[in-house]
Amino acid sequence: MPDLNTNKLEKLDYKISKWMYKYGKPLLRYSLAITFFWFGYLKVIDASPAQELVARTVFWFDSDIFIVVLGVWEMLIGLFLCFKPLLRIAILLLFLQMPGTFLPLILFPEVCFENFPLELTMEGQYIIKNLILISAAIVVGGTLRESELVEKNVKSADSQ
């Protein structure tokens, strides 16, 4: 005789998993959009906590102009992520921008690490969180041909 509690838990687990499968990628896309738009906006209005580090990192540019351009660039990434026809452009802009965000780890390790390589400062943590943004962008980018990939039975690299 099957355990009724196990059966109820299995049904609940299925419902939760189905909801996550259905809404997870759109929520990730919009979360990514909000994050980029917000971080960009803070640069445009001269209120970003990252401004000093950005200015030091791109010392070969006029920082007052560069930070505003970077802010607008990030706002465009956020805006473009909101519209499926513009996703490819958003992903392209994001991947063009991201390598520069890691430059302080190389140029200013004393600012990014309290004790190299594992103890990060707040600035270092701010930079390392970009790994999550890159991964999220990869997942969002993977949705561009999702129906075709599902039809061809392409499996995720971590599927069993």
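Which helices each supply at least two residues of the lining of the second largest pocket? Helix 1, helix 8 and helix 9 (146-151) do. Helices here are DSSP runs of H or I, at least four residues, numbered from the N terminus.

This is a predicted model, where local features need pLDDT of at least 70, side-chain atom pairs count only at pLDDT 80 or more, and totals for chains, interfaces and linings use all residues. Residues are numbered from 1 along each chain as its sequence is written, and side-chain values use heavy atoms, without hydrogens and water.

**Stop 1: the second largest pocket.** Select Y21, K25, V139 and E146, which are among its lining residues. A pocket is an open set of points on a 1 Å grid over the protein atoms alone, where a 1.4 Å probe fits, with protein on both sides within 12 Å along at least five of seven lines; lining residues have an atom within 4 Å of a point. Helix 9 gives the largest share of this lining, 3 residues.

**Stop 2: the largest pocket.** Now select V54, L70, Q97, G100 and T101. These lie nearest the centre of the largest pocket, out of 28 lining residues. Helix 2 (51-57), helix 5 (103-107) and helix 7 (122-128) are among the helices that each supply at least two lining residues.

**Stop 3: around L32.** Select L32. Leaving aside neighbours within four places in sequence, L32 is in contact (heavy atoms within 4.5 Å) with L81, L94, L133, A136, A137 and V140.
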